[in-house]
Amino acid sequence: MTDDSLNTVSGVDVAAARASLADVPWEPGAPKPDPILVADDVIRRFGGLTAVDVKHVEIQRGVITALIGPNGAGKTTLFNLLTNFDKPDSGTRVFDGTNIDKVPAHKIAKYGMVRTFQLTKALSRMTVIDNMKLGATNQAGESMWRSVLPFLWRNQENEIEVAADELLDRFNMLHMRDEFAGTLSGGQRKLLEMARALMVRPKMVMLDEPMAGVNPALTQSLLQHVIGLRDQGMTVLFVEHDMDMVQEISDWVIVMAEGEIIAEGPPASIGANQAVVDAYLGSHHDSALDLDAEL
Amino acid sequence: MDISAIFDNTMRGLVGEQFVYFALAAIGLNIHFGYTGLLNFGQAVFMAAGAYGLSMMVVTWDLNFWVGVFFGIVVFPFILAVLLGAPTLRLRADYLAIVTIAAAEIFRIVVRSPSLDRWTGSSDGISGFARSFYDLSPFDPGSRYFFDLFIGNQMWVVLIGWTVLAAAVFISWLLVRSPWGRVLKAIREDEDAARSLGKNAYWYKMQALYLGGVFGALGGMLRAIGTQSAQPDNFITDVTFFVWVALILGGAGKIMGPVIGAALLYAILNFTDIVLRQGVESSYIPESIMSGTQVGQVRFMLVGLGLVLLATFRPQGILGKKDEMALDDR
């Protein structure tokens, strides 16, 4: 098995998917030619505060979509709602043609959607390789009864280990495979979390602030890995504050403010959008937004 | 000073009946806390489930001894795990702690209620259910065995206890090194991460609660068989904390941790008891410092002091690794 076959999602033409975005209007809730994730009328209230109120949003398959917005805009809340880690007060979500409103969070991974967390969740007192092997789905040895009979799961376990080693190698972490994950640096933990997510063999990867707390030396490598995911046909949705990353790698940007989606468009279009300028700087601000300087 | 009595008592602590009961319960608690991170502060109720499961089936309902064993280690812990786990395992870890400590006391108080005397024997408990067990004993009740440490019936209990203990260690070793055990550890480290990777954390915690409860029930059942009675006050809250002490002393999250911990705990308890008792009797320790009736309390003070020192200088327990423990704080 080569690196490429390991996590390539078949049937996704990445170049065509990216090109097709050219015809999508630059407006909130714009319909996409081939959406993998669609959410309608998603509302989440915390007491009197409406944290998220999204009328309609579509995420295009095979591209990198960035979700940005000022602090408190509801990005992470929407993220949690899309991955079922939180339940909306109302609304529907459809992933890859299947309604996932009633699907528990742990089953989402089996549908092919996997997420990472803003505060990295490396499993500290487990080795790096154990972190990786945990990610594989449908393991026979994860049943309590079968677990005491190693011959029932040994072969599968070996295959999983080979796949895990290949991924670790791709993320340049093979030399740390037997270290405890708790000994890794912040950036290495982000890499591990991303690599571990790929063990699920997802169609869609949701990254919650993948660059937070990562030192600049690792940033480039992380960016390349994210692009690598897309080029293998995975759909990527990420929440990020780092505008460099948004400008550099995203194919499409969705901007949230006060729980609503206020703008959509290719990354270059966002800085000139009046609604975005208002959201970040307050209204009556005349000039276009220099996102690098402001964020 | 009678050196051989000191040696005998210490050895009895190290390998005897109390060691077996508490090591088994601590193996269960190790699956709860050491591997899954479940805060079970009511292991005594699982032990009581084993004791009463057996004794009530045999005495109250007049069933076969082995049917009682089945109820004690399979059915009763299952009912308990579902009752305790279903409402709490979706919540934060603290809730299980509150519910288990309360459940253990509720069970004990209900069982010793006079109005249930017909079924549970109230505060006198139930006896006369272990005959089938001792009928199988190959040992002569009148003789002493194993370096003269145990009389025949004790020897039979201890021998079966060691066998069950060895099996429990082996099974828990198989479990925690399997992919199933890996999921438990992942839940201990971070439940949401496990969930994001497609693991049903709630279901795994329920399984762990039940399995650890089964080991606890085995310990409690052997205790009832060894003392030939199931009494409510054998399962007071202190029992849970002895189990915790054994686990922490030996090292949580290590296969042999609970076994080593239980052996050392009872060796130390027995050793300090006999040394102090002999000291008082032979007037090495003057009456003004301690009387014979105070020995029981003083030895717990000494064990408490030892635990404080352990927590200060070796918080990871005897088998634990310090650098592994430190990873938590990062």
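**Domain arrangement, chain contacts and nonpolar cores**

The centres of domain 1 and domain 2 of chain A, taken over C-alpha atoms, are separated by 28 Å in this predicted model. The domain assignment of chain A places residues 3-122 and 186-294 in domain 1, and residues 125-183 in domain 2. Contact between the two involves 16 residues of domain 1 of chain A and 17 residues of domain 2 of chain A. On the domain 1 side, helix H1 (3-7), H4 and helix H8 (186-198) of chain A each supply at least two residues, and H8(A) gives the most, with eight residues. This side of domain 1 comprises 10 nonpolar, two polar and four charged residues.

Between the chains, 32 residues of chain A are in contact with 27 residues of chain B. At least two residues of the chain A side are supplied by each of helix H4 (105-111), strand E6 (113-115), helix H5 (128-135) and helix H6 (144-147). The chain A side divides into 13 nonpolar, 10 polar and nine charged residues.

The largest nonpolar core contains 171 residues, of which Val255(A), Phe22(B), Ala23(B), Leu24(B), Ala26(B), Ala246(B) and Ala262(B) touch the most other members. Helix H11 (residues 201-227) of chain B contributes the largest share of this core, 14 residues. Domain 1 and domain 2 of chain A each provide at least three residues to this core. When residues up to four places away in sequence are not counted, Phe22(B) touches Gly219(B), Phe242(B), Val243(B), Ala246(B), Ala262(B) and Tyr266(B). A second, separate core consists of six residues, among them Ile274(B), Val275(B), Leu276(B) and Val280(B).

Technical notes. Residues are numbered from 1 along each chain as its sequence is written. Chains are lettered from A and ligands numbered from 1 in the order in which they are written. This is a predicted model: local features need pLDDT of at least 70, side-chain atom pairs count only at pLDDT 80 or more; totals for chains, interfaces and linings use all residues. Two residues are in contact if their C-beta atoms, placed from the backbone, lie within 7 Å. Helices (H or I, at least four residues) and strands (E, at least two) are DSSP runs, numbered from the N terminus. Ala, Val, Leu, Ile, Met, Phe, Trp, Tyr, Cys and Pro count as nonpolar, Asp, Glu, Lys and Arg as charged, and the others, Gly among them, as polar. A nonpolar core is a set of buried Ala, Val, Leu, Ile, Met, Phe, Trp, Tyr and Cys residues joined through C-beta atoms within 7 Å. A residue is buried if 20 or more other C-beta atoms lie within 10 Å of its own, exposed if 12 or fewer, and partly exposed in between; C-beta atoms are placed from the backbone. Domain bounds come from an automatic or database domain assignment.
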